[in-house]
Structures are given as structure tokens and as C-alpha cells.
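Please keep the sequence and the model in view while reading.

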Amino acid sequence: MSVLTRDEAQTRARLLDVQRYTIDLDLTVGDEHFDSRTVIRFTARADADTFVELKPAELRTVVLDGQPLDPGTLEENRLPLSGLTEGEHELTVDAVMSYSRTGEGMHRFTDPTDGETYLYTQLFMEDVQRVFAAFDQPDLKAVFELTVKAPEGWTVLANSITEDLDEGRWRAAPTPLISTYLVAVAAGPWHSVRTEHRGLPFGIHCRRSLAPHLDVDADELFEITRQCYDRYHEKFEEPYPFDSYDQAFVPEFNAGAMENPGLVTFRDEFVYRSAVTDTERQTRAMVIAHEMAHMWFGDLVTLRWWDDIWLNESFAEYMGYQTLTEATRFSDTWTDFGVARKPWGYDADQRPSTHPVAPDAVDDTASALLNFDGISYAKGASALRQLVAWLGEKDFLAGINTHFARHRFANATLADFIDSLASATERDVHAWADAWLRTTGVDTLTPVVARGDDGTCALTVEHTGSRPHRIGVGLYDQDTADEGRRLVLRERLDLDIPQSAPQPLGKRPALLLLNDSDLTYAKIRFDAESFQAVRAGLSGLPDPLTRAVVWNALRDAVRDGELPATAYLDAARAHLPYETDLALVQGVLAFASGQVTDRYITTEARPVALATLTDLCRDLIRRTEDGDSAGLRLIAVRHFIDVAAQPETIAAWFAEGTVPGGPELDPELRWRVLGRLAVLGATDEAAIAAELDRDPSATGQEGAARCRAALPDPEAKRRAWDAMFAGDDLSNYLFTATAQGFWQPEQADLVREYVPRYYEDAVAVAARRGPAIAVAVGRWAFPGYAVDEENLRAGEECLRSADLTPALRRRLVDELDDLARALRVREV
């Protein structure tokens, strides 16, 4: 397939003005294909040649201005339009298109629970070409008119209000000017709940088999939606720009959600079948807030080219967390951002694949797709949060509203955005942008405390890096009545880095914490006295966001080889039993189990590490026996299952269907227990099949695939490997589930032979099945458990010699860098 280059897009944008797409889709012609007829009305500004993109199963006819063109001229995904004359044109393309099973283009899913089929589009970047012919680049906005023929009994959703014309035909109202990648369709026998807010139709939709679960949460979902909608209208002068707001929870979705104007699509794991924590509900609410922010930043004002993708994602990420904090019951979202999202940015920014938040140039769409990472989301949002701290929110929002007014229903660049911000402030926003958005890497801030002859102290911050920072500095004293376990805030200072002079502190605090309140993006270190105070009193810090800063600092020190991984486990064992913030408990346990015990601890030390975490989780379970914190208990039970080294306790839970004292094992917990029993060799195929009979849902199918791949049996491993790499039948979700089960640290000897095989087979399947599977191959199927030089050398040889797709190459670069880091950490 030919990828679109930046130069080609700029040339075509100078040539064409696209007015309107009239699209007719027929979804009734079979299980493998659908019909797509597209009429594009456009104007050429000069005589020239150009092309339109599509990826058909069969191209039937092409007609330009009433004259047929040869369908045989289609080469890969490009249909040439030669000899265009200046003036108005009409292009008609009639094609047969293929359904997708990988979440790209028009995805088709049949629900194993009831046999009902659902279709939805994900047209991001280049996948609109899988559904209809298009001049596929973000700065050729147009009006879209859509009609769909669907099976009787289905509902069709789209970017705008849809009308049922009878006999399975549906028509969507014409859209405002939007980009091709934002067109959306969702068709099927949806279960829908509808309401209205401030004159605008709101709807939420899911598969029928999930209807009872959606209904339970419908009031919460609508409340969050209304609260965010109202808050955005307080922040933004431009009103919501579309005619309706539908939110569809769709199966086998590759992302968290997609900001299609008027029809946001979410992964339907957000329709909770099983018990979840309040932090997980907060995450769902944040995604709602994030996607709604895109209605203005991304949909109303759209990037001109993909080098400015951060403008979409960083803005929505920042605004989602901030608006949720201001407008909903979730008033502490920045703690979750600090412990769950920000490390994603820190990790990505320290790999060889790092890039500026705003890269100077993204040459083509294949390169652009690689930049949807922790830098464009978490680092970019952190940069905007720092910008707001520096500018003040009033000037920041004034600049944003200027940006919307200048570029509504059009496209804009980073330069446009910075100019809009600069119009609202005396500060040098252009210099800030150069320092923060055009550079890579993570700055490090280290305190140096000097004592004076009079007993007072002064602070100098050693700054490794080049960015300016405005930070809070927390001065904490020990509460002498609490034997030093409780740390009391004496004062929080504002400090600009680089400093103009040492900062007077008065009496030496027990803990000096840089970046208190977590307003900047930087790694922080402790001086020796502060580290001792942290070891003794971390759980006694009064604010959860402060504790998040400390936990991140410990995490970074482990990853950088400055703190033994066992010391992190010791801190978790000492302080998590007293932690009250669920996001912190979840984040610390996730790093302790997923990274420390699985990768950073040697094989010989792993049993002791697992025992430490088992004891910790048991303490948390005991602490919650009175039922005061169901969320904390659920987190503890989940992690107790995940780190169990012996099967007896969790096998008894499974047999009895409950944890003593609760919770009862719902489907998520049952599959989690069965998966761990499979790893430990304490279950078999018969038990997996019986559980699948009990839960034949799509989630159950994934659970069974994960369990079967985890069985410590050579034949089970062979079948799982063949399913992933020899065949093309697995959907994106079933591929991921199988990969998650396959590699297990406890089964190192059993799967050792597959480590060298991985690199050859991964290259082949990524090339064969496309970017979505390539990402799953590189992320989930990578043998990350094998922390040894042999695996590292095999991976490096693959990077040197194999013909890798861009998506797989990027994933392997990242995974191999993480592998090398794990080897270094093990030496500490």
C-alpha cells in the first residue's frame, strides 16, 4: 500500500477544494463484503493530475464528470485522476469493500452470546479507504451525506441525526465540514438509551447482550456527559458544533475511544459486566471528558497534518482530567494521572523511539501512526498543565477561545495555536513552545540543601535538562506525636527553575519534596535526609497527589538503577497497608507485580518477591473485612490472584464461587483465577471448557483463549502459537488474549524454544495482517519475560536484518530497550 506523504498532501491541498461526499453503503450483501458507492464533488484550482484513495475488494466502476475511467488503473490504494481541468468536478466510485476483523475500517463482530451482528467504523489515519473512496487527508474537509441499507431490525448511527426511511434504509443529516478520518457509522441491533440536554439529543448504545449492564450505569453516564458538556460551555465561547451527541460502546475496539463528531465510539469493556473500583469509573468518566473535548479541539478545529497530532490528544488529555476535577464528583483525578498516565510519558520519552511532543516534520502517514504514544498524550498533557501554571488559566482559556474563533470548521498548525495563545499574554509563549514542545527527554531535578552557620538552610536545585519549570516545593516536618510516621506540611513554596538565587528554607525540613502538586514534567530525586523521611513516613503524607509524586520518584529511581527493586517492594509492603487512595494502591501494585517481580527481580529472587506481595495483598484483604472499602478489597483480591505462587487458596475461592467475606466471584474474577490456575498447572482444558459454557460471551471467549495459551503443556503452547502466527482467523482481541496467556515467567523452560522463533514469525504476521495486529504482535506477543542477553541479541539482529513494518519496528525498538533496561536493573 502507498502511504501518503506530507509533500503529496500539501500539493493536493493546494490543488483541490472538496465540497461534498455523498456515500451510499449497503450492509446486506453478505458476511464478508459490503457495497460502497461514493460521489465526490470537488473543485480543481488548476489543470493537473492527482489521485483518490480506496482499498476495495473489487472496484466496479469509476466515473469522472460523466466519463468512465478504467478501474484497472487502481494501483495499490491509489486511483489516478489524470488530466483534471480547472473547475468543478464530480467523481463517482462504485466498489465492493471487505469487512475487517481487526478493528480497522468497517469492523464486523458477531456476539457469541446471542448470535447478533454489529458493525462499526474506525477510519483513523488511512482506514477510511477501507469503507469509501476519499481524498484522505485531514485538511480537505467536506460535508458528508450518508445513506445506509441495513438488515431489518437494525439501527444505524452516524455523525449526525439519522432517519429511518423504512425497509432497512437510513439517512443521516448532512454534517458540517469535517475531515475524512472523522466520519463514523455504527449499525446493528443496538440497545439504546436516549435523553435530551439543553435541546440536544443524547444517546448511549451497546450490544443487546450488554443491555442490563448499560442500564445500571445509564444515569451515571448521562450525568458525567451533562456535567462535562456544561463545563465546556463555561470554558469555551464556541458552542457545541454538531447536531447530536451519541456514545456507542462497540466490541473489539483497538483504542480507548474515538472522537468521531456526534458519534463517539468507546471500547465496550467500559460497559462493566463485573465489579469495578471507583478509580475505574473515574477512568471511564475521564475518557468521556477527553472525547468531548475533542469536539472542539480536533473536530471543530483540526490539525492540518499529522505532525500536530499532539494538539488533538494533549489538549483533550489535559482538558479531560481538569474538567472532570472541576465539574464532577471525581475531584482528585490528577492523582490518577500522576500514577497511571504520567509514567507512560516518562517511559516513552526515555526510549530510542522518543520524539518531540511537536515534531518538526512527520513525513508520511505510516510515521504519523507511530506517534500515538505516551508522549503525544501524557507528556503533552503534562506540558499543557505546566503551561497553565505558568500563564494562568484565564490567559490560557482566552488564547484557546481565540484559536477556536480563528479556525472554526477549518485546520490549524502548531504555529497557529501558539499565535493564539500569545495574543492573550505578555509572556513569551513561542520560547516556551521551543523549550517544551521541540525537545525530547525527561529533565531531572535534584535538591541540594546547604546549612548556614545560624542553623537555617537554603535550597539549590540541580537541573539536568534544558526546560524551564515552575514547581511547588513542599517542606514537611515530622509529627513528633506520631513517632515520625506522619509528615506535616509546613509550607509549599513556588520556585522557578532555573533559579536566580538559592531559596531560603528556614529550619531544615524532614522532607523536602520537589514538584509537590505535580505541576511539571520531570523526574525528581531526594537528598539523603529526605529519603530517610520517605522510607519512614511516605504513607503519612497528607495529600494523595503528594504521595503520587513520591511513588513516581521511587519508580524512576528503580528504573534508572539508583534504587534496588527490592527496596521498592519494601516500601510497598510498609506503606500500602495504610494507603487510602485507590489509584495509588492500584498503580503501585501494578508496577510491583508487572515490572518488579516479573522483570526486574532475578529468577532466583522472584519467589521471595511474590511472597512479599502475597503478604501485602493478604493484609489489605484483612483490612477491608469490615466492608468499608469494597474497591480496595477488589484491588487486593485481584492482585492476590495474580501473584499467587501456590494454587490452594485461589482454587478454593474458585470452587466456592466467593472470597471468604466477599466478594463473590463475578465473571472477571472467575477468569482471572482460572488464568492463574492454568499458569500454575492446577487446571485443565475440561475446566476451561466448562467455564466457557458458563460464560459464552465475547469476554468469556477471550478468557478461554488466555487460559488455554497459559496451560503448561507443550501441545497447548503449540496450538496457541499456531493460532497467532500460522493462521489469520483470530480477531484483534482474541490474538491479544492468546498472546497474554502464552508467555509466563513460571514456564521459562517450556517456552524457551519459541523465543528465537518469535522474531521470524512476528515479521511475517505483521506484514500479512496489518498495523493493528502488528502492534499486538510487538506488544503482547513479545517474549518480555525472557530477560537475558540471548533474547536481546536476537531482537537486535531482527532490527538490523529483517524487513519490518513501521508499526512492528517501533514496538520492537521499545520492547528491546525495556529489555535492556531490565538487564541493567538486575545488576543493581
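## A covered helix

Helix 27 is mostly covered, with 16 of its 21 residues buried. Here, buried means under 20% relative accessible area, exposed means over 50%, and partly exposed lies in between, for a 1.4 Å probe and protein chains only. Helices (H or I, at least four residues) and strands (E, at least two) are DSSP runs, numbered from the N terminus. The structure is a predicted model, in which local features need pLDDT of at least 70 and side-chain atom pairs count only at pLDDT 80 or more, while totals for chains, interfaces and linings use all residues. Residues are numbered from 1 along each chain as its sequence is written, and side-chain values use heavy atoms, with hydrogens and water left out.

Helix 27 covers residues 806–826, and at 1.5 Å a residue its 21 residues should span 30 Å. The expected span is defined as 1.5 Å times one less than the number of residues. The end C-alpha atoms of helix 27 are 30 Å apart, which agrees.

Eight strands form an open sheet in the order 5-4-7-2-1-10-13-12, and their pairing is mixed. Two strands pair if DSSP finds at least two bridges between them. At the edges are strand 5 (67–69) and strand 12 (162–164), each of which pairs on one side only. On average, neighbouring strands of this sheet are turned by 20 degrees against each other, direction ignored. Strands of a sheet pair through backbone hydrogen bonds, either parallel or antiparallel.

Strand 1 (residues 16–26) pairs with strand 10 (residues 143–149) in the parallel sense, over seven bridges. D26 stands opposite K149 in strand 10. Helix 1 (residues 6–15) lies across strand 1 and strand 2 (33–44), and runs at about 100 degrees to strand 1. Such axes are lines fitted to C-alpha atoms, for helices over the stretch in contact, and angles run from 0 to 180 degrees between N-to-C directions.

## Salt bridges

A search of the whole structure finds 73 salt bridges. A salt bridge is a side-chain nitrogen of Lys or Arg within 4 Å of a carboxyl oxygen of Asp or Glu. One of them joins E8 and R78, whose closest N and O atoms are 2.7 Å apart. E8 lies in helix 1 and R78 in strand 6 (residues 78–84), so this pair ties together parts that are 70 residues apart in sequence. E8 is partly exposed, at 26% relative accessible area, whereas R78 is buried, at 15%.

R208 and E116 also meet in a salt bridge through their side chains (3.3 Å, N to O). R208 lies in the loop between strand 16 (200–206) and helix 2 (211–235), and E116 in the loop between strand 8 (105–110) and strand 9 (117–122), so the pair ties together parts that are 92 residues apart in sequence. R208 is partly exposed, with a relative accessible area of 41%, and E116 also counts as partly exposed, at 25%.

## A buried glutamate

Where does E691 lie? E691 belongs to helix 19 (residues 685–694). With 4% relative accessibility, E691 counts as buried. Leaving out residues up to four places away in sequence, E691 touches F654, R670, W671 and L674, where contact means heavy atoms within 4.5 Å.
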